Amino acid sequence: MVLILLDDCGFGAPGTFGGVIPTPALDRIAKNGLRYTNFHSTALCSPTRAALITGRNHHVAGFGVVGEISTGFPGYDSIIRKENGTVGAILKENGYATSWFGKNHNTPFYQATQAGPFDQWPNGMGFEHFYGFMGGDTSQWTPNLYQNTAPIYPFEGKPEWNLITAMADDAIQYMTEIKEIAPEKPFFVYYCPGGTHAPHHPTPEWIKKISDMHLFDEGWNKLRETIFANQKRLGIMPPDAQLTDWPKSLPQWDTLSWEEKKLFVKQADVYGAYLAYTDHEVGRVIQAVEDLGQLDNTLIIYISGDNGASAEGMLNGTPNEGTSLNGVSVPVKAQFLWYEFWGSDRTFPHYAAGWSWAMDTLFQWTKQVASHYGGTSQGMAISWPGHIDEVGGVRDQFHHMIDI
């Protein structure tokens with residue numbers, strides 16, 4: 001089993017669900033299985049992830065809020081109790097080799113140090129192998145990286161190293177080793193990269209590839225219309241579906257200055273490159289399953305996001321997410337100081353909120369807002385060769401993370 005979860009990816013961002021950003025790995029799973037169009041998260045990172053790995057309501061699993069603002073009250077203390085057994089613990093006890101790659105936003109922040117205790121780390125929750133980072137996000141160039149419970153620094157002296165690729169390498173190595181050492185032992189891989197949560201850190205090659213496609217040059221209003229038309233063409237929205245109104249609190253693209261448009265297109269190009277890059281590396285993991293001769297024997301679940309697209313970049317976006325987290329808006333003119341190396345290790349960037357609304361097409365609102373589907377709708381595809389009759393079909397029943 002391979003369970004894939006992207007981060008901060010709106011329903012309308014990937015091409016698989018009508019977006020303009022190419023996501024061939026997600027396409028592959030949808031083509032070989034089923035596409036789910038009414039699948040939902042909690043609108044926030046930690047709660048969604050706690051619900052997913054326990055199969056329980058996020059309050060029951062201790063994550064009524066993101067871990068960093070947890071309290072001492074039941075349902076909000078960021079503690080996954082033993083009786084809520086994770087999928088890792090259950091499958092480990094049933095003979096699986098269990099692993100977790102990428103983001104871990106489900107360890108209490110006050111225990112995420114070398115002092116431990118480690119019972120609320122992935123290894124203590126039933127995942128025998130962990131390669132990833134603690135907390136809500138990290139630099140993909142120089143991450144806060146751990147292997148099991150030990151900090152590691154594989155990026156030192158390697159300026160071209162990027163975690164999105166490195167974790168795919170580690171997952172492929174792990175699956176290969178398991179099948180070489182114990183061929184009959186099944187594996188469970190929980191694969192959750194930092195993409196596409198800020199910071200948006202794709203490689204320069206991917207930035208050039210997406211920029212050359214000019215996907216965002218016409219702005220966020222036009223992008224929304226394009227995505228909506230694609231969704232109807234793909235049959236994932238009914239013919240009589242109507243596009244929700246553009247909010248008065250966000251500027252229309254045509255009202256922006258030349259400088260604003262230039263900056264915002266750059267932000268979107270880097271974001272698009274980050275999603276395309278992330279999906280490409282996910283594709284390498286899926287291809288490795290096939291290369292091991294296990295594709296026909298593997299259930300693959302690919303969830304495109306743990307909440308809606310993020311509007312945390314505020315109206316102008318930012319070269320450093322820390323500014324918006326502290327309520328500081330960075331003027332457009334000042335952001336041009338980082339324009340040429342947007343997405344590099346010199347930046348910790350996020351895009352303008354107009355893009356997040358567009359990436360959540362056709363719904364209203366964004367990440368953090370659980371009252372509207374823009375905050376909770378996630379595209380999902382599942383493949384299971386030999387077990388799904390209607391290959392390439394669409395499912396529109398209401399589902400939630402706990403249903404996995």
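**Buried asparagines, paired rings and covered strands**

Student: Does asparagine 316 count as buried or exposed?
Tutor: Buried takes a relative accessible area under 20% and exposed over 50%, with partly exposed in between (1.4 Å probe, protein chains only). Asparagine 316 comes out at 17%, so it counts as buried.

Student: Quick check, what kind of model is this?
Tutor: Residues are numbered from 1 along each chain as its sequence is written, and side-chain values use heavy atoms, with hydrogens and water left out. Local features need pLDDT of at least 70, side-chain atom pairs count only at pLDDT 80 or more, and totals for chains, interfaces and linings use all residues; this is a predicted model.

Student: Back to asparagine 316: which residues does it touch?
Tutor: Asparagine 316 sits in the loop between S8 and helix H8 (321–325). Helices (H or I, at least four residues) and strands (E, at least two) are DSSP runs, numbered from the N terminus, and a contact means heavy atoms within 4.5 Å. Not counting residues up to four places away in sequence, asparagine 316 touches Leu263, Phe264, Gln267, Ser329, Val330, Pro331, Val332, Gln335 and Ala352.

Student: Which residue has its backbone oxygen 3.1 Å from a polar atom of the side chain of asparagine 106?
Tutor: Asparagine 106 is in the loop between S3 and S4, and at 0% relative accessibility it counts as buried. A polar contact is a pair of N or O atoms within 3.5 Å; within protein, one must be able to donate a hydrogen and the other to accept it, and residues adjacent in sequence count only if both atoms are side-chain atoms. The residue whose backbone oxygen lies 3.1 Å from that side chain is serine 46.

Student: How many aromatic pairs are there?
Tutor: Rings of Phe, Tyr and Trp (its six-membered ring) pair if their centres lie within 6.5 Å; planes under 30 degrees apart count as stacked, over 60 as edge-to-face and the rest as tilted. By this rule, the number of aromatic pairs is 25.

Student: Why does the pair of tryptophan 100 and phenylalanine 127 tie together parts that are apart in sequence, and how many residues apart are they?
Tutor: Tryptophan 100 and phenylalanine 127 make an edge-to-face pair, 4.8 Å centre to centre with 75° between the planes. Tryptophan 100 is in strand S3 (residues 97–104) and phenylalanine 127 in the loop between S3 and strand S4 (129–134), so the parts that the pair ties together are apart in sequence by 27 residues.

Student: What is the arrangement of the rings of phenylalanine 118 and tryptophan 121?
Tutor: Phenylalanine 118 is partly exposed, at 30% relative accessible area, whereas tryptophan 121 is buried, at 0%. Their ring centres are 5.1 Å apart and the planes are at 75°, so the pair is edge-to-face.

Student: Which residue lies over the face of tryptophan 206?
Tutor: A charge sits over a ring if NZ of Lys or CZ of Arg is within 6 Å of the ring centre and within 35 degrees of the ring normal. Arginine 346 does this over phenylalanine 341, at 4.5 Å from the ring centre. Over tryptophan 206, at 4.0 Å from the ring centre, lies lysine 209.

Student: In S7, what is the bridge partner of tryptophan 100?
Tutor: In strand S7 (residues 187–192), six of six residues are buried; Phe187, Val189 and Tyr191 point one way, and Phe188, Tyr190 and Cys192 the other. Two strands pair if DSSP finds at least two bridges between them, and S3 and S7, which run parallel, are joined by six. The S7 partner of tryptophan 100 is tyrosine 190.

Student: And in S9, what is the bridge partner of isoleucine 303?
Tutor: In strand S8 (residues 300–304), five of five residues are buried. S1 and S8 run parallel, with four bridges, while S8 and strand S9 (residues 377–383) run antiparallel, with five. In S9, isoleucine 303 is partnered by methionine 380.
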